Amino acid sequence: MGKLKTTLIFGAIAILGAIALAVIALHQGESISAVWIVVAALCVYAIAYRFYARYLAGKVMGLNAKRPTPAVRHNDGLDYVPTPRNVLFGHHFAAIAGAGPLVGPVLAAQMGYLPGVLWILVGAVLAGAVQDMMVLFMSTRRDGRSLGDMVRTEMGPIPGIIAQVGVLMIMVIILAVLALVVVKALAESPWGTFTVAATIPIAIFMGLYTRYLRPGRVGEVSVIGVVLLILAIIGGGHIAADPFWGPAFTLSGTTLALAMMAYGFIASVIPVWLLLAPRDYLSTFLKIGAIVALAVGILIVRPHVQMPAITPFIDGTGPVFSGALFPFLFITIACGAVSGFHALISSGTTPKLLENENQIPLIGYGAMLCESFVAIMALIAATVLDPAVYFAMNSPVAVIGDNAASAAAAVAQWGFHITPAELEQLARDVGEHSILSRAGGAPTLAVGMAHILSGVIGGKAMMAFWYHFAILFEALFILTTVDAGTRVCRFMIQDLLGVAVPKMRETKSWTANVVATALTVSLWGYFLYTGVVDPLGGINSLWPLFGIANQMLAAVALILGTVVLFKMKRERFAWATAVPAVWLLICTLTAGFQKLLHPDVKIGFLAHARKYQDALTAGDILAPAKTAGDMHRIIINDYVNSALTAGFLFVVLTMVVYGVRACLKARKINHPTVVEQPAAHELTLEDEAMDTARA
Amino acid sequence: MPRPAPASPEPAGGADLLCVCRDTLVRWGKDARRTASLMVGQPDYEVYVAHAEATHPEQPPLDRTAFFRLHEARRFGAGGAFRCC
């Protein structure tokens, strides 16, 4: 009976999903409702979760509900705490959901909605969720150890160190590219700059409140904070219109970049309770709230997708980022389909809180499906905009010029029509001077969200409010990632420098703290600054680097997963991690080599350097450089980017070699060789009774 | 997996049904609060106190403020939580 019910329910879901996918894929001409995309996604997730996640849990990993998890074994009420699965799901989802799934799909929308939707769905189901679940499983079996630790114990000390350095490089690129997204959103926008600046005094007030007035009252202080933030958004409109304060908050990209570096430095050296922790409350709750609001908004407004299913830009000539659909679509949409960064979170606090191994599918696989759905919603928000608006917002000045007339003329050449007056009117509607050339994802998403949310509450009159609400929510959680990431990087650098100078390891030492933080900030600050002054918008060169780095880390995690399956003598199921690993290797290696060696100057860093070098030798100055010094700087940037790409390629190739060697070695031995916590003391009935009593 | 026992095994009659509804709502509220605090790195204080009393009755447990500050410092300390991009 139960089996028949399951068959009927999932049969219906499969049919509904197939219809929705057919509508999305086959529809030509008139626009389709975004609800079809939502339905297709939900059906795919339901089937994947019910069947594939269960297959992974039972056959591939062999989860054992009787085997005690680290939380049960080391229950100390502090770090290791068996936590109800719904609570842990929320925690894990909040930790993995960030700006990545919001920005990537918006950029990828230049190729049309179809490639993005398909990769987000297929990638999440077969690669991303598998990676998250596998890492959570491995870490749970190893007392909640980190990814780097597991690479060291399962693959050897050299791959362990390489993985650690790789993680540091990725952190630097992530911090730079996220900071760049914020700079792109706030440049020349007094309203946005004011509201984001206002979060600093608001957070400090909240910090003092939780420290001295009402210690630990997070809920209460967060409500006060959110009210103050809404007042700041409303106040921002008046500030922007003010003849004195308006210009005072109108900052250029370079000024904002320098301000962000100074801010990142200060925020990560002062005590965390003063600024970092309270900002973390605001950004976490606002993030969850905004994601829910967007989902509800899409269902109520049921907007139509305006972007074509596939645009001509799949050949790599698009203005938003350069490079053809393969491999660059799979690099541009990283988080949302598969994100290596999740491996760091799935091997962080989550395994220390897991109550039972049988909850691994829900937490590992399920939370990633939710993240994927966030990416789908971001893609919807970008594609319900008029494509002409989308391209005017996301193309660099070098392509569309710096005024509404030139932008309208440029997008008309691509077949999308809009009048300059309409572009100017939209900018006025959202309370900005101009919306042109704001690549980076955040502003496009904000216009899309404003479009959807103003359809629910407030109509056109509230559009400017919703736009700045969306900008604030993105900027807020990106800035929290930047400060917290700067601190994480600082500890990693202190650890690495400690090898040579043991004194650097003292985390309480003021000198070590300042030196390591300054080093971290200058590393990401360098990439941020070069991105801001880049005439092609910076996102063009930095986002692919970030994507390559992130997918490369995912490949490393999946290689580790494959090695572990071989060492468990479960190699006949190792395709589950090996296939996505191979796909990611193909994508990252192709993209990496293209970024290095492609003859097109828009794609290949070395070709770009050569073009400027040749011009310099011939005595010419190429835009945007104004002096020979500028030319030299551009060439140096190209070489730095090339070196970084080569570094990523080196990391991933060595991991492949070590991974294959470990698998072959494990195959020759006829018993399991994994380094797991022994399952010897499985839960006895007595323990179980204790456990129930405690709960 | 330890789940809270249902409030009443046999919800017969209007009053009992009301009780069940109320208890469910209270439980959801509690879960939501726990989830929200864990999202910002603060585990449940009551669970900790119950655990400390059961395992180390001779030591006084940390008070609420000390518990809060310990987790605040840990979340952003060395080896602290990664936040995703």
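Visitor: Where in chain A is confidence lowest, and where is it highest?
Guide: Confidence is lowest in α29(A), with a mean of 45. It is highest in helix α6 (residues 113–140) of chain A, at 97. The score is pLDDT, the predictor's confidence in each residue, from 0 to 100. Helices here are DSSP runs (H or I, at least four residues), numbered from the N terminus.

Visitor: What kind of model is this, and how are things numbered?
Guide: This is a predicted model: local features need pLDDT of at least 70, side-chain atom pairs count only at pLDDT 80 or more, and totals for chains, interfaces and linings use all residues. Residues are numbered from 1 along each chain as its sequence is written, while chains are lettered from A and ligands numbered from 1 in the order in which they are written.

Visitor: What is the mean pLDDT of chain A?
Guide: The mean is 91. In chain A, 97% of residues reach 70 or more.

Visitor: Where does pLDDT stay under 50?
Guide: Over residues 682–695 of chain A. The model has 13 contacts beyond four places in sequence for that stretch. A contact means C-beta atoms, placed from the backbone, within 7 Å.

Visitor: New topic. How many residues of chain A are in contact with chain B?
Guide: 52 residues of chain A are in contact with 31 residues of chain B.

Visitor: Which elements of chain A give two or more residues to that side?
Guide: Among them are α4 (85–96), α8 (157–186), α23 (463–497) and α29 (685–694) of chain A.

Visitor: How do the residues on that side divide?
Guide: Into 26 nonpolar, 21 polar and five charged. Ala, Val, Leu, Ile, Met, Phe, Trp, Tyr, Cys and Pro count as nonpolar, Asp, Glu, Lys and Arg as charged, and the others, Gly among them, as polar.

Visitor: Back to α6(A). At what angle does it cross α25(A)?
Guide: Roughly 55°. The axes of α6(A) and helix α25 (residues 539–567) of chain A come within 10 Å. Axes are lines fitted to C-alpha atoms, for helices over the stretch in contact, and angles run from 0 to 180 degrees between N-to-C directions.

Visitor: Parallel or oblique?
Guide: α6(A) and α25(A) are therefore oblique to each other. Angles under 35 degrees count as roughly parallel, over 145 as roughly antiparallel, 65 to 115 as roughly perpendicular and the rest as oblique.

Visitor: Which residues meet there?
Guide: A:Q131, A:M134, A:V135 and A:M138 in α6(A) meet residues of α25(A), including A:A554 and A:L558. The contact has seven nonpolar residues, two polar and no charged.

Terms used. Contact = placed C-beta atoms within 7 Å.
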